[in-house]
Amino acid sequence: MKDGVNGVALAVFIFFFLAVTVMGFLASRWRRAADEQSLDEWGLGGRSFGTWVTWFLLGGDLYTAYTFVAVPAAIYAAGAAGFFAVPYTILVYPLIFTFLPRLWSVSHRHGYVTTSDFVRGRFGSKGLSLAVAVTGILATMPYIALQLVGIQAVLDVMGVGGGEDTNWFVKDLPLLIAFGVLAAYTYSSGLRAPALIAFVKDTLIYIVIAVAIIYIPIKLGGFDEIFAKAGEAYGQTNPATGAPRGALVPGEAGQWTYATLALGSALALFMYPHSITATLSSRSREVIRRNTTILPLYSLMLGLLALLGFMAIAAGIKVDNGQLAIPQLFETMFPDWFAGVAFAAIGIGALVPAAIMSIAAANLFTRNIYKDFIKPDATAAQETKVSKLVSLLVKVGALAFVLTMDKTVAINFQLLGGIWILQTFPALVGGLFTRWFHRWALLAGWAVGMVYGTVAAYGVASPSQKHFGGSSEEIPGIGEIGYIGLTAFVLNVVVTVVLTFVLRAAKAPDGIDETSAEDYTADAGDKGVQVELPPATAGAGH
Amino acid sequence: MSHTPDAPRASEGKPPVVTPVRVVIGLCLIAPFVAMLWVGSYAKVDPAFIGIPFFYWYQMLWVLVSTLLTMTAYTLWNRDQRARNQRARTSQNGGESA
């Protein structure tokens, strides 16, 4: 790491950040609605976004600090094992293709805005709906934490605070700045700001990716050279574990882990509150299917970015904290001004999704917990106030994850969120296709999955951390190491199926299903399909 | 391997639920799962492509392959739906599923 502050890079970085902040504040005037105090306005941008903007928002789910920092860092640290992100994003699209159009249809028939809404309508169970809402909020926190870690890494490399031998305040300064900027920015302009900034963000990111994957390999002497050096580095023994650092290709033992991580992450991605909100705001169910045929190209970029991890090794970057590898690579390889552009891309690329995620989690709280359980007769202004407050609390929760978990393997933040959110899959996706599952069985399955997943993740130690040190554990009964989230999910399904048989035999009362078979195939223009969904909470009946 | 409960269709329609076209659609959507989750089939270094080990370029190639497969599924599905809607209109009974 270069000593001191990188002035030029920092100046460019601050320039972009200021530009984006000004845009954010101006955003509140963009297509402004009559009532600024309504939650609809703050939380859904007045729902005036067309398909184009919607998909820019969705792109934010893919291009986050996960793509730019966590995945290449995982590759930098261990090689092939980190590349599971590519099959993960490949598998996402056939899944979306199969189940999201059904969710779109039923939601637009009944005015559902969140997954909790749907689960309550389908199974007539407030308890199950609450479980889904709580899980969504909880699982979003570590995902936001990952974004904070990304911003922190960039600030750290630029020389703002950081370092191990300083006092705690200076050391955590980048994190505190990242948190402050995110909080202020979300609080003031709601979803409008991230939607507008998404354009700037994607443009910056494309430029940086294009330059990075062409310029850096040329400078390093081609991919032959890069992989030769990387292979050498992975062969060396890691003093902490006594095993080789990693491998260019997963060995026999690592293949289960690789496959389960890819499948588990793919199943989890579109359960997150923010992905669902963005999907539901698309114009028709056709738009969703059409987009699944184009979006995979994002995955190609992800793969190319992942290769940056090898380039960091070949370039001789040596960092203890893997998250710093890519920012450090940029600082070493690029002229200072372009390093500043790259840092701004990473920083804004983390800020926008973090804002979208915390808003989605806050909406979920207000609509499915505050309105359903605490204050059913809340006014629109009260709802907005609660949502804004909760969006802050969610970020404080994220901060707690950053401070208590091992930051050197940031990808674990996302995987931990995945363990939890996956447990809502049987109720949601199962519910989209069949009403056979019993609501109490689903609730029991969810509880078993949550408890198993959390306990198992808590028990994983890493060289630097006693608990929550990883996301993979031996699969009971198979003996291979696999993603905890997927094991918990399978347990969840087994419990749900067995209990459904029992409860059906015992004739336990089934909840009321307010949906009908044709609701799941209705498209825009059909009878009873609402083009615009009702406001997230503002008093509209459902 | 736990394939998801959302198998391509759980239909309740009047025309035959499983048709050759729908089988092809299903195969297009399942193929990426088989290819990607069978890690042993591609966990090797050779043959390398412009210096990139097989393991990496093969998976990136699958991004393109799966895109083509999803596009095929999309086109076939639309054709299938249009045909069924027409039949449904003549017999005044719709029972499609997605």
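The legends below concern a predicted model, in which local features need pLDDT of at least 70 and side-chain atom pairs count only at pLDDT 80 or more, while totals for chains, interfaces and linings use all residues. Residues are numbered from 1 along each chain as its sequence is written, and chains are lettered from A and ligands numbered from 1 in the order in which they are written.

**View 1. Packing of helices α7 and α16 in chain A.** Helix α7 (residues 126-158) of chain A packs against helix α16 (residues 325-333) of chain A at an angle of about 40°, with the axes 9 Å apart; the two are therefore oblique to each other. Axes are lines fitted to C-alpha atoms, for helices over the stretch in contact, with angles running from 0 to 180 degrees between N-to-C directions, and helices (H or I, at least four residues) and strands (E, at least two) are DSSP runs numbered from the N terminus. On the side of α7(A) the contact is made by A:A153, A:V154 and A:V157, and on the side of α16(A) by A:P327, A:Q328 and A:E331, where contact requires C-beta atoms, placed from the backbone, to lie within 7 Å. These residues divide into 4 nonpolar, 1 polar and 1 charged, with Ala, Val, Leu, Ile, Met, Phe, Trp, Tyr, Cys and Pro counted as nonpolar, Asp, Glu, Lys and Arg as charged, and the others, Gly among them, as polar.

**View 2. Crossing of helices α4 and α17 in chain A.** The axes of helix α4 (residues 65-78) of chain A and helix α17 (residues 336-374) of chain A come within 8 Å and cross at roughly 115°, and α4(A) and α17(A) are therefore roughly perpendicular to each other. Here A:A65, A:F68 and A:V69 of α4(A) meet A:I346, A:G349 and A:A350 of α17(A), a contact with 5 nonpolar, 1 polar and no charged residues.

View 3. In helix α20 (residues 425-433) of chain A, 9 of the 9 residues are buried, so the helix is largely enclosed by the rest of the structure. A residue is buried if 20 or more other C-beta atoms lie within 10 Å of its own, exposed if 12 or fewer, and partly exposed in between, with C-beta atoms placed from the backbone.

**View 4. The side of chain A that touches chain B.** The contact takes 45 residues from chain A and 36 residues from chain B. Elements giving two or more residues to the chain A side are α5, α10 (222-235), α11, α13 (285-292), α14 (297-306) and α20 of chain A, and the largest share, 12 residues, comes from α5(A). By class, the chain A side has 31 nonpolar, 10 polar and 4 charged residues.

**View 5. The loop between α1 and α2 of chain B.** Chain B has 2 helices and 0 strands, and B:P47 is found in the loop between α1 (20-37) and α2 (54-91). A cis peptide bond joins B:D46 and B:P47, with omega about -5°. B:I50, in the loop between α1 and α2 of chain B, has phi near 35°, a positive value in a residue other than glycine, and counts as exposed because it has 9 C-beta neighbours inside 10 Å.

Definitions and conventions:
Angles under 35 degrees count as roughly parallel, over 145 as roughly antiparallel, 65 to 115 as roughly perpendicular and the rest as oblique. Two residues are in contact if their C-beta atoms, placed from the backbone, lie within 7 Å.
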